[in-house]
Amino acid sequence: MKKILITGVTLSTLIVLLTLSGLYAKEPADGRLSTGQTLYVPAYSHIYSGNRENPFLLAVTLSIRNTDPDNAIEVARVAYYDTAGKLLKSYLEAPKPLQALESTRYIVPEKDKAGGSGANFIVEWKAAKPVNPPIVETIMIGARSSFTSRGQAIWPSK
């Protein structure tokens, strides 16, 4: 009976260790793999400064970074909206594949103030199998200021 108990405990320990080592090696830090998402990414074509709330124009770069070291993803949609929610520009005519660890970017020039202080991007991405979700963020740069804003998943891709 002791022999069976030791073997059972050893087998259970081995299964737990193999499972944990597999999870540790393959899953992202938060443990969430995904096959796609729709992301809302804040962007600011200008911000206000001073007591008179003077608009200060900014160049906006949307950066999409495939963080998965082994698998490609596909960027299915990149759309730019103004403060009122009106579509200003669709950046893709066809889906754009991003290979493992590849990045891409989309730029709104500093002189383009149509988006306003509440501009945003909607980004949809998909993958053939569960992958580490990409990092999607905007970088706003002007003569006197620069900052970033990270995307937020708003619903799963269909």
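Predicted model: local features only at pLDDT ≥ 70, side-chain atom pairs only at ≥ 80, totals over all residues.
Residues are numbered from 1 along each chain as its sequence is written, and side-chain values use heavy atoms, with hydrogens and water left out.

Figure 1. Along the sequence the pattern reads α-β-β-β-β-β-β-β-β-β-β-β-β. Helices (H or I, at least four residues) and strands (E, at least two) are DSSP runs, numbered from the N terminus. Of the 158 residues, 34% count as buried; here buried means under 20% relative accessible area, exposed over 50%, and partly exposed in between (1.4 Å probe, protein chains only). The protein exposes about 10,100 Å², with carbon and sulfur atoms supplying 57% of it. These areas come from the Shrake-Rupley method with a 1.4 Å probe, and for residues only the protein chains shown count as cover. Among contacts with a separation of 6 or more, 74% are between residues 24 or more positions apart, where contact means heavy atoms within 4.5 Å.

Figure 2. Tyr40 belongs to strand 1, residues 34–42. Its relative accessibility is 31%, so Tyr40 counts as partly exposed. Tyr40 is also one of the contacts of Gly118, the subject of the next view.

**Figure 3. Gly118 sits in the loop between strand 8 (103–108) and strand 9.** Leaving out neighbours within four places in sequence, Gly118 is in contact with Tyr40, Ala43, Asp82 and Thr83. The C-alpha atoms of Gly118 and Ala43 are 6.8 Å from each other, with the two residues 75 apart along the chain. Gly118 is partly exposed, at a relative accessible area of 24%.

**Figure 4. Tyr80, Tyr91, Tyr106 and Phe121 are linked into a cluster by ring pairs.** Rings of Phe, Tyr and Trp (its six-membered ring) pair if their centres lie within 6.5 Å; planes under 30 degrees apart count as stacked, over 60 as edge-to-face and the rest as tilted. The whole structure has four aromatic pairs. In one of them, Tyr80 and Phe121 have ring centres 4.9 Å apart and planes at 35°, so this pair is tilted. Tyr80 is in strand 5 (residues 73–81) and Phe121 in strand 9 (residues 120–131), so the pair ties together parts 41 residues apart in sequence.

**Figure 5. Two salt bridges are found in the structure.** A salt bridge is a side-chain nitrogen of Lys or Arg within 4 Å of a carboxyl oxygen of Asp or Glu. Arg77 pairs with Glu124, their closest N and O atoms being 3.2 Å apart. This pair links distant parts of the chain, with Arg77 in strand 5 and Glu124 in strand 9, 47 residues apart. Arg77 is partly exposed at 28%, whereas Glu124 is buried at 18%. The side chains of Glu137 and Arg150 also meet in a salt bridge, at 3.7 Å from N to O. Glu137 lies in strand 10 (residues 135–141) and Arg150 in strand 11 (residues 146–150), so the pair ties together parts 13 residues apart in sequence. Glu137 is buried at 15%, while Arg150 is exposed at 53%.

**Figure 6. Asn66 occupies the loop between strand 4 (59–65) and strand 5.** At 3% relative accessibility, Asn66 is buried. A polar atom of its side chain lies 3.2 Å from the backbone oxygen of Leu98, and the backbone oxygen of Gln99 is 3.0 Å from a polar atom of the Asn66 side chain. Not counting residues up to four places away in sequence, Asn66 touches several others, including Asn71, Ile73, Ala100 and Pro134.

Methods:
Polar contact = N/O pair within 3.5 Å; in protein donor to acceptor, adjacent residues only side chain to side chain.
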